[in-house]
Amino acid sequence: YARIRISPVKYFWLSLKTTDVETAIRAGRKLLYQVEERVELGLPTKSKLFSAVIDDYVRFRQRDHAHDRTSDGMLRQIIRVAKFWREYAGAMPVEAIDDKVMREFIPWRRDYYSNFKKLPKNARLHPTDKTLQWDMMLGKAVIKWAHEQGFRGKQSLPTVTFTPKKKRVRPAFEIAEYRRLWRTMYKRIKDAKDERTKRSRELLRDYVLVLANSGMRVGEANNLRIRDVIPFKDDKGRNNYRFIVRGKTGERDAIPRSAVASRLDKILAKRNGENPNKFLFAMSDGSKIITLIDQFKAALRRAGIEKNGFDEKYSLYSLRHFYAVMALRNGIGVFEVARNMGTSVQMIQQYYGKQATSAVFATRLGD
């Protein structure tokens, strides 16, 4: 055994795995030099494998999830992507993960499923650039977290990034299409054959209305509780509500268009007297919504607007994009739109700026 003092009151012990004294002395000296070098670099005396760091990070995000600071969808994504990083570099010391290792993850990940005889459920043989970008972002997030825990010492963080060659923007509804969808949802409620079907279609209507008029993410809407809907009166004297939203960018207030207030009044009136910790949008048994995409697709089919003119499929996230485009066209500032949606000004300009008409920008610049 070797015992090395690393502070006045702290020692580091390690078996040298030999019974020969001379061999042990040489191994002990070598170990001393290694420990001294690690201490000088600010590293822990013993390396922590990247796989162990990933496990610690997942547990950290699970604790966040228990306190409503990480959404269900985000946690599932983290667990899904963590397996790739664990398999790719889990056996390496966390301090050895540098730009080169991070950069080589991309081709490794592209080829990951090429040797599978049968693809797992929901897996894609060729991941999209957007998927690769998300996977890279998670790897960097784990490294940053490890750095903050002191596992990497004084080493600088990797700076490598992966930028998709083709940016994917989900299509946004045109006003006429949204109105047709809205009329269709009311017809579906009226045509419901039983009370259970009627309630589920009313839930979809309310859900779509809030998403299209607040810019919230789907996961953020799913996490809303009754207590998170706060009434207020704006400077124009209009009654409205603010949502306390918890999503991937943390907690923020999201203000819907005032036209939604009357519908929110009715939603809350139906829930009057219930536990305020219950979900605002809940299934018939009171449980949280996992997804309403199947119902939404059915409404789109009936409305005849499953795709836009470029053959791009609409999804629930198209409602968020519809909100952004309409807000910009109505002259709301980019900063205000970004803050309400919980994203950056750069993202708004990059993805939605071209949707605002030149007349809107010209009017705003002339003020």
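Start by selecting helix α3 (residues 72-89) and helix α5 (residues 129-148): their axes come within 10 Å and cross at roughly 85 degrees. That makes α3 roughly perpendicular to α5 (a word used for 65 to 115 degrees). Axes here are lines fitted to C-alpha atoms, for helices over the stretch in contact, with angles from 0 to 180 degrees between N-to-C directions. Helices (H or I, at least four residues) and strands (E, at least two) are DSSP runs, numbered from the N terminus.

This is a predicted model, where local features need pLDDT of at least 70 and side-chain atom pairs count only at pLDDT 80 or more, while totals for chains, interfaces and linings use all residues. Residues are numbered from 1 along each chain as its sequence is written, and side-chain values use heavy atoms, leaving out hydrogens and water.

On α3 you'll find Phe 84 and Trp 85, among others, and on α5 the residues include Trp 134 and Leu 138.

Next, select β3 (residues 229-233) and β4 (residues 239-247), antiparallel strands joined by five bridges; strands pair if DSSP finds at least two bridges between them. Click Ile 230, whose bridge partner in β4 is Arg 242. In the hairpin, five residues lie between the strands, and Gly 237 takes a positive phi near 80 degrees.

Notes: Parallel < 35°, antiparallel > 145°, perpendicular 65-115°, else oblique. Contact = heavy atoms within 4.5 Å.
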